[in-house]
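Dear colleague,

I am handing over the structure we spoke about, with the sequence alongside.

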Amino acid sequence: RLDSIFYADRLSPISVEEDQWPECYVFPNPASGRVVFDCQRFGKPESVRLFSSTGSETDLSNRMNGEVIDLEGLAPGIYFFVAESRSSSLHRKLVIR
């Protein structure tokens with residue numbers, strides 16, 4: 001038994017999140033070994049994490065040396081890079097070979 005039916009012939013997004021930090025880069029991408037997090041306006045992030053395509057999380061904060069982040073030991077694949085400060089966060093897709 002159906003109590004109600006929902007039908008929509010056109011769906012539109014409620015909101016679209018804009019990239020707050022278009023001038024910030026994580027390179028090289030694809031990467032192997034290490035990457036550089038280049039974003040002068042973002043400042044030093046409080047946390048830097050990678051999320052795999054399966055959802056597992058790796059904290060990279062202890063792998064940072066200035067702007068360079070060590071990726072040694074991480075399996076090849078597609079990751080989602082997240083840097084967070086007190087007031088904002090930055091998200092980038094990162095491919096590790």
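Glutamate 23 counts as partly exposed because its relative accessibility is 29%, where buried means under 20% relative accessible area, exposed over 50%, and partly exposed in between, with a 1.4 Å probe and protein chains only. This is a predicted model, in which local features need pLDDT of at least 70 and side-chain atom pairs count only at pLDDT 80 or more, while totals for chains, interfaces and linings use all residues. Residues are numbered from 1 along each chain as its sequence is written, and side-chain values use heavy atoms, with hydrogens and water left out.

Glutamate 23 lies in the segment before strand 1, strands here being DSSP runs of E with at least two residues, numbered from the N terminus. Once its neighbours within four places in sequence are set aside, glutamate 23 is in contact with Asp38 and Arg41, contact meaning heavy atoms within 4.5 Å. The C-alpha atoms of glutamate 23 and glutamine 40 are separated by 8.8 Å, although these residues are 17 apart along the chain.

Strand 2 (residues 34–38) and strand 6 (residues 68–70) pair over three bridges in the antiparallel sense, and valine 35 stands opposite isoleucine 69 in strand 6.

**The sheet with strand 8**

Another open sheet of four strands has the order 4-3-7-8, and its pairing is antiparallel. Here strand 4 (57–59) and strand 8 are the edge strands, each of them pairing on one side only. Strand 3 (residues 47–52) is paired with strand 7 in the antiparallel sense over six bridges, and phenylalanine 51 stands opposite phenylalanine 80 in strand 7.

Strand 7 (residues 77–84) is joined to strand 8 by eight bridges, the two running antiparallel, and together they form a hairpin with four residues between them. In this pair, valine 82 stands opposite histidine 91 in strand 8. In a regular strand the side chains alternate between the two faces of the sheet. Strand 8 (residues 89–96) has a covered face made up of Leu90, Arg92, Leu94 and Ile96, whereas Ser89, His91, Lys93 and Val95 make up the uncovered one.

Definitions and conventions: Pairing = 2+ DSSP bridges.
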